[in-house]
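Hi everyone, thanks for coming along.

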Amino acid sequence: MNNQSFRDDFPVLQEERKGKPIVYFDNACQTLRPASVIEAVDGYYRHSSACVGRSNHKLAEEVTRACEDSRSRLAKFLHAAKKEEIIFTRNTTEGINLVAHSFDFKKGDVVLISDKEHNSNLIPWQMTAKRVGIEIGIIPTGSDGLLDLDEYRKMLNPRVKLVSLGMTSNLDGVTISGREIIQAAHKNGSLVLLDAAQSVPHMSIDVRLLDVDFLAFSGHKMMGPSGIGVLYGKYALLEKLEPFLVGGETVAYSTYSDCHFLPPPEKFEAGLQNYAGIIGLGAAVDYLQRVGFDAIRKQEQLLNSALGSRLAEMPRVKIFGPADAALRGGIVNFTVEKADHHQVAIMLDQVANIAVRSGQHCVHSWFNSRGIAGSVRASLYFYNTLAEVEIFLETFQKIIKVV
Amino acid sequence: MFCIASFLVLSILGIFSASNRQLAREALDCVLRRVTFRPCNTGFDQKMKAKLVGGVLTRSESAASFINKNFEILSWIFIVFFAVSSFFALRGIYYYYVYGSCNGLNQTGFCAFDPKGQNNAVSAAPLQCKENPPTAADLTLKDVDLSLFPQINNDSKDTMVFLGCYACDYSRKAYPVIMKLVDNFPVNFVFAHYPIKENSDYNSLAGECVTQQDPQALWKLNDILFSTEKTNLSDPTFIQKTVVDLGVDLPTFLKCVEDPATEAKVKNQITDITKTGIFGTPTVFINGKPLVGPKPYRVYAISLAGLFYWLK
């Protein structure tokens, strides 16, 4: 992939720090934004910073149209049945919290999650367990990071009301076999929520083909603005959910003692929304589609293979997840024996402006259960290059000689 | 140990920069954890270590490796150096406050608070034939007969002797400070004119003759001579006009100035002054302790009334 033309779209990639280019390998945390997204956000504030669906002036009509257009584009992007299945949230975390609070859980109901969930797909269920009395079932994964499907099937029983899984792990980049998992859950009478924060930016998702019930993701990991996300839900299910946050724009009318909620998505979008974010997210979807997921996947595999294979040859380095780089998406997460992960990450930044993440990557439960202090995670995206991988490897080799 | 070292350094840098202030807070958190026997789990030490080693790695791999391996020892060494330099820095501040010089009483050498050494500057006295040049350590009032000199007796236990020269810049700078002390503290005050500039012998004679007629008029004459244009000091007409203005009888004054006995007395005074070992003016003795150069008011006041003179 000749990604130079795409790289030119990202202002940050044109910058330098201390005379060196920035090597941005922290895309699992958040991606960089292309100029078109920045301009879309800027355009809202410059030209049409008004409210949606409330006022009747031209500016309000313009921004209402732009936001609804974004909703339509996102529905089309996900192959949703209708645009009303798209609820704008702040991020993936809020989407999952919305389901956790709105779903009609009863005491003794079970929610299944995997043993390597991001805190965003763990803590909401822990709180629901305290609030309602649900139980949390932990599906194990193997040393290769793959979900133990046999164990998963064994865990399915009538009490399992929801299976909530990270579709692609931010820990090791492994993507679960969604269709198979969802089919098994539905056969059991359970619904499925997918945390697709690490999937949507990297692969084409067809929610109808998957038959997933809920799917949450964030704008900031797919080149969209931060502070905007989406919860997709099948319309029939959304209609049944109680709203999580309530207030302005969620009701058709109210009296001093009662109110009548609007249908989805409005009943879930309380208060004035992040309109710039919504419009920017629409622009990010356009940009993603222009790049194309085939090209994205191909470039990620190329880079992951180049980086992963060389790292794997180094004696003190241990990479999490499957040996096959093709199964790790854009993520190369590793530890360096006898070296502090934060020190390695900071030194990569100090020496060559290489941005990676270190720590437990919000998957504390997985790290703590295995007694691992933390790791260094390089997460790649289509705009990264083999030349950057070389810079990384060269710098990293220098660092491990020192630490 | 690194947390302590970082906290000390960053606290100082934090005075000038907000980003360092934030790091200083993190370092403090780390220090507080260490002193309460808890692990420093803020990652601060690792973060700073990584930044330092990373910075060095861009220049030298072997130096980075050395620092990384010996980080704790280097932190200790730094702390020791920091403690030692802090001690000297604090001592310098204390000395400057108490003696007007970072290097101690009457000690010359660079002082950041007095870079030009103004507080130790003197107008040099004529060289005397001595094997070793005189120093402040040699200054003493031991063999000096203070009764030879004009004085203000306040029946105080404290005595301040001011050896100055009307024509010397540094004496002229010190004089108003000294007189302010005389006003503020009940001290016995002795004034000795040491004419080390050319053409100022006449002033000594004038002072002596004014004292003989009216001891109080001398202090008024001093006020004028220490503040007038220096060119006036070598002009006998100016001196004579001044003493007349002070109510002194001019013929008597002129006769006194011409009198060999007056000259002998003044010479006698100067001989006694040289017995102090004086090498420049102003030199002030407070209860026998010499202070060379025009010190700030507080330095003299501390010598008279102690560190907390301002409370008295």
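This is a predicted model: local features need pLDDT of at least 70, side-chain atom pairs count only at pLDDT 80 or more; totals for chains, interfaces and linings use all residues.

**A lysine in a loop, and what lies beyond**

Let's begin with K116(A), which sits in the loop of chain A between strand 5 (110-114) and helix 5 (123-132).

Residues are numbered from 1 along each chain as its sequence is written, chains are lettered from A and ligands numbered from 1 in the order in which they are written, and side-chain values use heavy atoms, with hydrogens and water left out.

Back to our lysine: is K116(A) buried or exposed? K116(A) counts as buried, because its relative accessibility is 8%. Buried means under 20% relative accessible area, exposed means over 50%, and partly exposed is in between, using a 1.4 Å probe and protein chains only. The side chain of K116(A) reaches the backbone oxygen of G145(A) at 2.5 Å. That is a polar contact, meaning a pair of N or O atoms within 3.5 Å; within protein, one must be able to donate a hydrogen and the other to accept it, and residues adjacent in sequence count only if both atoms are side-chain atoms. Not counting residues up to four places away in sequence, K116(A) touches, among others, T141(A), S169(A), D172(A) and W366(A); contact means heavy atoms within 4.5 Å.

Staying in chain A, T385(A) is in the loop between strand 17 (375-379) and helix 14 (386-402). T385(A) counts as buried because its relative accessibility is 15%. Leaving aside neighbours within four places in sequence, T385(A) is in contact with N3(A), R7(A), Q299(A) and L303(A).

Now over to a threonine in chain B. T211(B) belongs to helix 7 (residues 201-213), and at 19% relative accessibility T211(B) counts as buried. A polar atom of the T211(B) side chain lies 2.6 Å from the backbone oxygen of G207(B). Beyond its neighbours within four places in sequence, T211(B) is in contact with P150(B) and L218(B).

Next, some backbone geometry. Most residues other than glycine have a negative phi, and most peptide bonds are trans. Where do we find cis bonds? One runs from P264(A) to P265(A), with omega near 5°, and P265(A) is in the loop between strand 12 (259-261) and helix 10 (275-291) of chain A. Another joins T281(B) and P282(B), with omega about 0°.

As for positive phi, M223(A) has a value near 75° and is not a glycine. M223(A) is buried, with a relative accessible area of 0%. N287(B), also not a glycine, has a positive phi of about 50°. At 40% relative accessibility, N287(B) counts as partly exposed.

Finally, chain B as a whole. Chain B has 12 helices and seven strands, and of its 312 residues 47% count as buried. The C-alpha atoms of chain B fill a box of roughly 90 × 45 × 35 Å along the principal axes. That's my tour, and I'm happy to take questions.

How values were computed:
Helices (H or I, at least four residues) and strands (E, at least two) are DSSP runs, numbered from the N terminus.
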